[in-house]
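Here are a few exercises to work through with the model open beside you. Try each task before reading its solution.

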Amino acid sequence: QVTAAIAKSRAASLLKEGLRFAGVSDRVRFDAVFLALSGKKVGFEKVIKMIDGMVASLQTEQADDDAKKEYCVTTLDKSDDTKKS
C-alpha cells in the first residue's frame with residue numbers, strides 16, 4: 001500500500017526530472033506544484049489536478065511546435081526549389 005508521504009515523494013522526484021526539460025514559463029507551474037506538495041493543508045487531489053493541467057498545456061504547446069516545424073520545413077523546401085529554378 002502506498003502512503004501519502006510515499007506518493008508525495010514519488011511525485012516530487014518525477015517533477016524534478018521534468019523540471020530539467022521545462023521552459024521558463026513552465027518553471028512557474030512547477031514551482032506552484034512543488035509548493036503545493038510541500039504544504040500540509042493542500043490535498044493530494046489538488047496537486048494531481050495541477051499536474052494534469054500542466055500536462056495538457058504541454059501537449060498543446062508540443063502540438064503547436066510540431067505545426068510550426070512542419071510549416072518551416074515546407075517553407076524552406078519551397079524556398080530551396082525557387083532558388084534552384
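A patch is built from residues with over 30% relative accessible area and no salt bridge, joining like charges within 9 Å and nonpolar side chains (Val, Leu, Ile, Met, Phe, Trp, Tyr) within 5 Å. This is a predicted model, where local features need pLDDT of at least 70 and side-chain atom pairs pLDDT 80 or more, while totals for chains, interfaces and linings use all residues. Residues are numbered from 1 along each chain as its sequence is written, and side-chain values use heavy atoms, leaving out hydrogens and water.

**Exercise 1.** Work out which residues form the negative surface patch.

Step one: know the rules. Asp and Glu count as negative, with the charge placed at CG of Asp or CD of Glu. Accessible areas are Shrake-Rupley values with a 1.4 Å probe.

Step two: pick out the members. They're Glu70, Asp77, Asp80 and Asp81. Glu70 sits in helix H3.

**Exercise 2.** Describe the fold along the sequence.

Step one: count elements. Taking DSSP runs (helices: H or I, at least four residues; strands: E, at least two), numbered from the N terminus, you get 3 helices and 0 strands.

Step two: read them in order, and the pattern is α-α-α.

Step three: check the burial. Of the chain's 85 residues, 15% count as buried, meaning under 20% relative accessible area, with exposed over 50% and partly exposed in between.

Terms used
A salt bridge is a side-chain nitrogen of Lys or Arg within 4 Å of a carboxyl oxygen of Asp or Glu. Buried means under 20% relative accessible area, exposed over 50%, partly exposed in between (1.4 Å probe, protein chains only).
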